[in-house]
Amino acid sequence: MGSARLTLCTALMVATALTPTAYAADGGSGIAVTPSSPAPGTDIALRVSDCTARTATAVSAAFVADIQLTGVDGTLVGETRVSASVEAGSYEVKVTCGDSDRKASLTVVEKAPRSDQPAHQPTTPASPVAPVKAGGGGTARLAAVDVAEDARAAGPGTGHAVIGLILAAAAAVAVVLRSTRRSRGTG
């Protein structure tokens with residue numbers, strides 16, 4: 001778990017460092033968004049510089065959830081996702097850093113169509129016109145003969161419980177014998 005977290009954080013830092021950033025419209029807020037013009041449903045990273053607090057919160061109507069920013073030496077970072085339901089346009093981002101509030105503008109662009117999808121969507125959904133040849137022949141009748149009887153036979157019964165208890169007891173005895181041999185130094 002620790003290595004996965006470290007890998008994720010390192011990847012985020014590299015992506016943040018290599019991706020062009022967009023500073024807020026007012027220029028003096030020290031808020032940077034990566035990527036600079038996200039589409040709905042895109043993961044974004046937010047970086048706030050010159051903040052004396054160790055944590056901050058960023059809020060916007062474009063975000064799925066508020067961002068909890070953390071960091072050291074005056075630079076705080078965090079990530080969230082742009083809501084898939086927002087429309088293209090400009091959204092205000094408010095960052096509460098210590099006792100001060102900073103505001104910036106985030107521009108959400110329309111989601112570009114994927115290159116592997118056709119630009120023209122069919123007007124009628126695809127559906128079969130004739131029965132599908134799925135095979136099976138006449139086996140459906142045999143499968144439905146006595147479902148209740150099969151369910152009783154397939155479930156665990158007294159015999160299964162007794163076998164399970166015997167196996168558990170044998171495993172416990174093996175562990176005790178192994179522990180005893182180790183403590184005596186004979187194993």
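**Close-up views of a predicted model**

View 1. Where pLDDT is low, the predicted coordinates should not be read in detail. For the chain, the mean pLDDT is 76, with 61% of residues at 70 or more. This is a predicted model, so local features need pLDDT of at least 70 and side-chain atom pairs count only at pLDDT 80 or more, while totals for chains, interfaces and linings use all residues. Residues are numbered from 1 along each chain as its sequence is written, and side-chain values use heavy atoms, with hydrogens and water left out.

**View 2. Strand β2, covered on both faces.** Strands are DSSP runs (E, at least two residues), numbered from the N terminus. In β2 (residues 31-34), Ile-31 and Val-33 sit on one side, Ala-32 and Thr-34 on the other, and all are buried (under 20% relative accessible area, 1.4 Å probe, protein chains only). β2 pairs with β3 (residues 43-48) in the antiparallel sense, over four bridges; to count as a pair, two strands need at least two bridges found by DSSP. Opposite Ile-31 stands Val-48 of β3.

**View 3. The largest nonpolar core, 22 residues.** Such a core is a set of buried Ala, Val, Leu, Ile, Met, Phe, Trp, Tyr and Cys residues joined through side-chain atoms within 4.5 Å. Leu-46, Ala-58, Leu-69 and Val-95 have the most contacts inside this one. The elements giving two or more residues to this core are β2, β3, β4, β5, β7 (89-97) and β8 (100-108), and β7 gives the most, with four. Leaving out residues up to four places away in sequence, Ala-58 touches residues including Leu-46, Phe-63, Leu-69 and Val-95.

**View 4. Ser-60, in strand β4.** β4 covers residues 55-60. Ser-60 is buried, with a relative accessible area of 9%. A polar atom of the Ser-60 side chain lies 2.9 Å from the backbone oxygen of Glu-92, and one lies 3.2 Å from the backbone nitrogen of Ala-62.

**View 5. Ala-61, in the loop between β4 and β5 (67-72).** Buried or exposed, what is Ala-61? Ala-61 is exposed, at 64% relative accessible area; the cut-off for exposed is over 50%. Ala-61 and Tyr-91 are 30 residues apart in sequence, but 6.8 Å apart in space, C-alpha to C-alpha.

Methods: Polar contact = N/O pair within 3.5 Å; in protein donor to acceptor, adjacent residues only side chain to side chain. pLDDT = per-residue confidence, 0-100. Contact = heavy atoms within 4.5 Å.
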